[in-house]
Amino acid sequence: MRSIRVLRAVLRWTAAVAVFAVVGAGTAYGITRMERTDVPGLATGSDGRWAYPRLTKPPLPSGSPGPRAESNPAGTHHADLRALVLPAPEGAEEDEALRGADGWLRTEDFLEEYAEEDDRETFAQQLVDGGLRHIAARGWTTEDGTRTRVYLLRFDTAALVEAKFHRVLSPYGNPAHGVRGARAVVSDEDFPEEATVPGVTRTAYVESRPYGAEQDRQAYLAAGDVLAVVLQSRKGTAPAVPFQQTVVLQSQLLG
């Protein structure tokens, strides 16, 4: 029976990769939907996945290329950044404060996620020096107490995001700046590589035992001119499945 389950899991992963490749290959902004059974690594309908609404990429301005188009070497997301933030899943209570003013979040509000004042000051200066343009965000809490925060930070070019932010902020091993409440944070080796979305570079971390009242998970995504930060925490243990699902869906919206 075990060998049969493994074979079925492999087949599902293969099918999911094919879906991702088809969605990521085009530059047109259409409707994408990740069915609950399509997220890589998730085998059954009762493994903790959340029910997200249908995901629709916002329309591009007339004549504007997508972020992965050859005619767009800067990787610019011409669509409204606020419309690229992943929506809350069904039944979740949304954190309205993260919407900010007119959908734009203040930098200092984003930096409150980080524990040490020196870290916040260093990170703030990096953002200023890097020419941060906007931050769009959304957060929610599900019925089981899992808190999710998603931040999209837009810069001038994809090269800047990759070289000065993604590589610097999310090196292998542990992130450059510590998130509030997280103690020993290590690379999330269990995040399935098959869940990689074309055009998006992902680094994921998980808080290792022993952790405090909550366990934290976090991911940094470089997608064109956008750096996405996905944070998730829950009292006791933060399940891997909804975190992976959230990261993959946000990656698809940006890719």
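Reader: What is the strand order in the open sheet of seven strands?

Author: The order is 3-4-5-9-8-7-6, and the pairing is antiparallel. Two strands count as a pair if DSSP finds at least two bridges between them. This is a predicted model, where local features need pLDDT of at least 70, side-chain atom pairs count only at pLDDT 80 or more, and totals for chains, interfaces and linings use all residues. Residues are numbered from 1 along each chain as its sequence is written, and side-chain values use heavy atoms, with hydrogens and water left out.

Reader: What makes strand 3 and strand 6 edge strands?

Author: Strand 3 (93–94) and strand 6 (185–187) each pair on one side only.

Reader: How many helices and strands does the protein have?

Author: There are five helices and nine strands. From the N terminus, the elements run α-β-β-β-α-α-β-β-α-β-β-β-β-α. These are DSSP runs, numbered from the N terminus: helices are H or I with at least four residues, strands are E with at least two.

Reader: Why are strand 4 and strand 5 called a pair?

Author: Eight bridges join strand 4 (residues 134–141) to strand 5 (residues 147–154). The rule asks for at least two, so the two strands pair. They run antiparallel. Glycine 139 stands opposite arginine 149 in strand 5.

Reader: Which residue in the hairpin of strand 4 and strand 5 takes a positive phi?

Author: Glycine 145 does, with phi near 90°. The hairpin has five residues between the strands.

Reader: How many bridges join strand 5 to strand 9?

Author: Eight bridges join them, and the strands run antiparallel. Strand 9 spans residues 226–235. There, valine 230 is the bridge partner of valine 150.

Reader: What makes strand 5 mostly covered?

Author: Seven of its eight residues are buried. Buried means under 20% relative accessible area, exposed means over 50%, and partly exposed lies in between (1.4 Å probe, protein chains only). Of the 255 residues of the protein, 45% count as buried.

Reader: Is asparagine 72 buried or exposed, and how do you know?

Author: Asparagine 72 has a relative accessible area of 7%. That is under 20%, so asparagine 72 is buried. Asparagine 72 lies in the loop between strand 2 (55–56) and strand 3. Its C-alpha atom is 10.0 Å from that of threonine 157, although 85 residues separate the two along the chain.

Reader: Why are arginine 147 and glutamate 214 said to form a salt bridge?

Author: A salt bridge is a side-chain nitrogen of Lys or Arg within 4 Å of a carboxyl oxygen of Asp or Glu. For arginine 147 and glutamate 214 the N to O distance is 3.6 Å, so the pair qualifies. The pair links distant parts of the chain: arginine 147 is in strand 5, glutamate 214 is in strand 8 (residues 214–223), and they are 67 residues apart. Arginine 147, at 33%, is partly exposed. Glutamate 214, at 27%, is partly exposed too.

Reader: What can side chains of opposite charge do?

Author: They can pair when their charged atoms come close.

Reader: How many salt bridges are there by this rule?

Author: The count comes to twelve. Among them, aspartate 109 pairs with arginine 106, with the closest N and O atoms 3.0 Å apart. Aspartate 109 is partly exposed, at 29%. There is also a network that links Glu94, Arg99 and Arg138.

Reader: How do you know that arginine 202 and glutamate 193 form a salt bridge?

Author: Their N to O distance is 3.9 Å, within the limit, so the pair counts. Arginine 202 is buried at 18%, whereas glutamate 193 is exposed at 58%.
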